[in-house]
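Subject: Structure handover

Hello,

Here is the structure for you to look at. My notes on it come after the display.

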Amino acid sequence: MGSAREEILARIRAAGAARPVTVPREYRRERRVADPVALFAERIADYRAVVRSGPVELIGECLGARGVRTMVVPADVPAHWRVSGVRWLVDDDPPLELSVVDGVDGVLTGCAVAIAETGTIVLDAGQAQGRRLLSLVPDYHLCVVRTDQIEVTVAQALSRLDPLRPLTFISGPSATSDIELDRVEGVHGPRTLEVLIVDG
Amino acid sequence: MGRNPVTWLGSPVFPKAAHTALADTQLRANLRKATTTIRDKRASAVAELADWEELRRAGEAIKDDVLANLDTYLLRLEESVTARGGVVHWARDAEEANRIVLDLAREHGADEVVKVKSMATAEIGLNEALEAGGIRAVETDLAELIVQLGRDRPSHILVPAIHRNRAEIREIFRREMSEAPVSDDPRELAEAARRHLRRKFLSARVAVSGANFAVADTGSIVVVESEGNGRMCLTLPQTLITVMGIEKLVPSWRDLEVFLQLLPRSSTAERMNPYTSVWTGVTPGDGPSRFHLVLLDNGRTATLADEVGRQALRCIRCSACLNVCPVYERTGGQAYGSVYPGPIGAILAPQLADDPSDEQAASLPYASSLCGACYEVCPVRINIPQALTHLRAKVVRNKGGRNPEALAMAAAAWVFADPRRFEAAQRAGSLSRLLTGAGPIGRLPWPGSKWTATRDAPSLPKESFRLWWRRNRG
Ligand code: SF4
């Protein structure tokens, strides 16, 4: 008996399915809409994310409104995002212990790209985003989205992303509809997603 | 080689199981509510995209390309995953795959693994195999957890516990959790699951997942989910083991632009599901430091060898076909006696089982009214009615002889093979005559006889189901 790999490959070749296939790509990859920012805001709000837009200083207001005390941030967020009035824990080198991240009130990150048509933000562990677990473990996620990061379609957004980076697509807070199809927000990920749209 | 566990050992043939399910009024009420709700939502999510048909055509062709060049793409995937620090394993069947996962879990010192809901691992009976090897597998998807704690079987691809109502779920949680929920409010029940699982997420060393897609060119793996349990499993443990069927590939990154639109809208009827995770091998300092990918055959190459049946391998497990199926709506998923219920189960399970002596698997292609609704909603255009009649003909052939049913099925297969022929036949009202001889469908030969013996199947009405569907629900 040969190796599983060789045997499976041989079975595939013996199956006789080989033939050329052309993929029709007549679907639209790009779309123009009058106001992509408004569309993004409306669509992500549909998923019960809290949406605000305005200057980055609104971060203070977002946090104040929730009575948040301790926030975690990736090391490379712009300094002025770390407004006063809360305690900022910086995920640097060495990284914060998991139990510490589990104990904070929330996390503040930026994003890589946003998709207006679907109301999605995408994190790629790049600038101001940090490791994946930061935006997962705390119960509240405040995400700053610059208007120039918003693309209209899924295709436009994907073409801006590098698949070799770890990617997380987020559309609203964590949710389940497993019990009698009633939607409940916040099962294992953050129960609250707040999006702050800033000019850029 | 052991028995392929894709069908549940000891399950009755479909008509028998359906008969029992039909008597369960609670089940039927739950199902009707669920399927109609998702169905209506899906229709509006799909209507939002003017290019839906073009996306379906692209999705169909991308998957056909994958199937036509599967060896090339698998080797490419293996190369790219390995280049990024992952380890690729190949498994011919369930037993081999389970052995690989068990050995890996042991090697990494785990006595418990956390699991993301996965059809592939359910198909191979991984939980049972791990259990037998002394390792507890904890399902972390809420519905899967309900099924697991209730020592139950899943009944739907997407919402496996849809047959359970809130009171039953509360009972299960009360019995199985140290901190039981106080009420049966879904919010409270979800909260109980959150508490129950959080400790496990934070301490687990090994996680097991499936994959919705794998990109051959880049080696990226994609998992689509809602609850965040997927993200927990995919990022917190040190070791991640992903088990995927060999057909789950797409050739390039760009192809995801098609499937990330087709899947959520067909599945949960959302524009996008709450979370999608993409990772490629390992990323130092972020997520698991060890990544193992198990490529699973388990009947897929046998399915690939069937010219008509192979289209079932295009399936992206969205479950849209379940929600439109009048037979599923009445019987529920457990009656199919298989990990894959509904229309897709009726064509995929018997092919994966690949065992002509398995009467239960052989009965599945009869679990359909051949109305064609499943074909119309399928995001990758799997012609399920065509595959069903083709497989019925095969079942009949396996029993030997060119009896009238074999001829009827061969003729029906010819009609279903072309949508224009199909519609023409329906318009002429000739389909039922073709299938049964003239008149109402009173009795079908075995195993259809077991189905018709319990009910009067009407002959086709004047307006075809497809036309009616388009008018009412399409
Ligand atoms: S057969 Fe089509 S509709 Fe059914 S689950 Fe698979 S992809 Fe979805």
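Below are the conventions, then the sheet, one serine, the salt bridges and the cysteines.

This is a predicted model, in which local features need pLDDT of at least 70 and side-chain atom pairs count only at pLDDT 80 or more, while totals for chains, interfaces and linings use all residues. Residues are numbered from 1 along each chain as its sequence is written, chains are lettered from A and ligands numbered from 1 in the order in which they are written, and side-chain values use heavy atoms, with hydrogens and water left out.

The sheet

Chain B holds an open sheet of six strands with parallel pairing, in the order β1-β10-β7-β4-β2-β3. Strands here are DSSP runs of E with at least two residues, helices are runs of H or I with at least four, and both are numbered from the N terminus. Two strands count as paired if DSSP finds at least two bridges between them. The edges are β1 (86-91) and β3 (136-139) of chain B; each has a single partner strand, so one side of each has no neighbour in the sheet. On average, neighbouring strands are turned by 25° against each other, direction ignored. Chain A is involved as well: its helix α1 (residues 4-14) packs on the sheet, touching β1 and β10 (290-296) of chain B, and the helix direction makes about 65° with that of β1(B). Axes are lines fitted to C-alpha atoms, for helices over the stretch in contact, and angles run from 0 to 180 degrees between N-to-C directions. Contact means heavy atoms within 4.5 Å.

Strand β2 (residues 112-115) of chain B pairs in the parallel sense with β4 (residues 206-209) of chain B over three bridges. The bridge partner of V113(B) in β4(B) is V206(B), and that of K115(B) is V208(B). With β3(B), the parallel pairing of β2(B) runs over four bridges, and V114(B) has V138(B) as its bridge partner there. In a regular strand the side chains alternate between the two faces of the sheet. In β2(B), E112(B) and V114(B) lie on one side and V113(B) and K115(B) on the other, and all are buried. Buried means under 20% relative accessible area, exposed over 50%, and partly exposed in between (1.4 Å probe, protein chains only).

S80(B)

S80(B) sits in helix α4 (residues 70-83) of chain B and is buried, at a relative accessible area of 11%. Leaving aside neighbours within four places in sequence, S80(B) is in contact with A216(B), D217(B), T218(B) and G219(B). A polar atom of the S80(B) side chain lies 2.8 Å from the backbone oxygen of A216(B). The backbone nitrogen of G219(B) lies 3.3 Å from a polar atom of the S80(B) side chain.

Salt bridges

There are 57 salt bridges over all chains, each being a side-chain nitrogen of Lys or Arg within 4 Å of a carboxyl oxygen of Asp or Glu.

One of them joins R19(A) and D64(B), with the closest N and O atoms 3.8 Å apart. This pair crosses between chains, from the loop between α1 and α2 (36-46) of chain A to helix α3 (residues 52-68) of chain B. R19(A) is partly exposed at 42% relative accessibility, whereas D64(B) is buried at 15%.

D46(A) and R271(B) form another, with the closest N and O atoms 2.9 Å apart. This pair also crosses between chains, from helix α2 of chain A to the loop between α12 (256-267) and β9 (275-280) of chain B. D46(A) is partly exposed at 46%, and R271(B) is buried at 14%. Both belong to a network of salt bridges that links E42(A), R43(A), D46(A), E48(B), R265(B) and R271(B).

Within chain B, E179(B) and R195(B) meet in a salt bridge (3.3 Å, N to O). E179(B) is in the loop between α9 (166-176) and α10 (186-203) and R195(B) is in helix α10, so the pair ties together parts 16 residues apart in sequence. E179(B) is partly exposed at 44%, and R195(B) is partly exposed at 26%.

For C371(B), the nearest cysteine sulfur is that of C374(B), 6.0 Å away. C371(B) is buried at 11% relative accessibility, and C374(B) is buried at 8%.

Regards

Notes
Polar contact = N/O pair within 3.5 Å; in protein donor to acceptor, adjacent residues only side chain to side chain. Disulfide = S-S within 2.5 Å.
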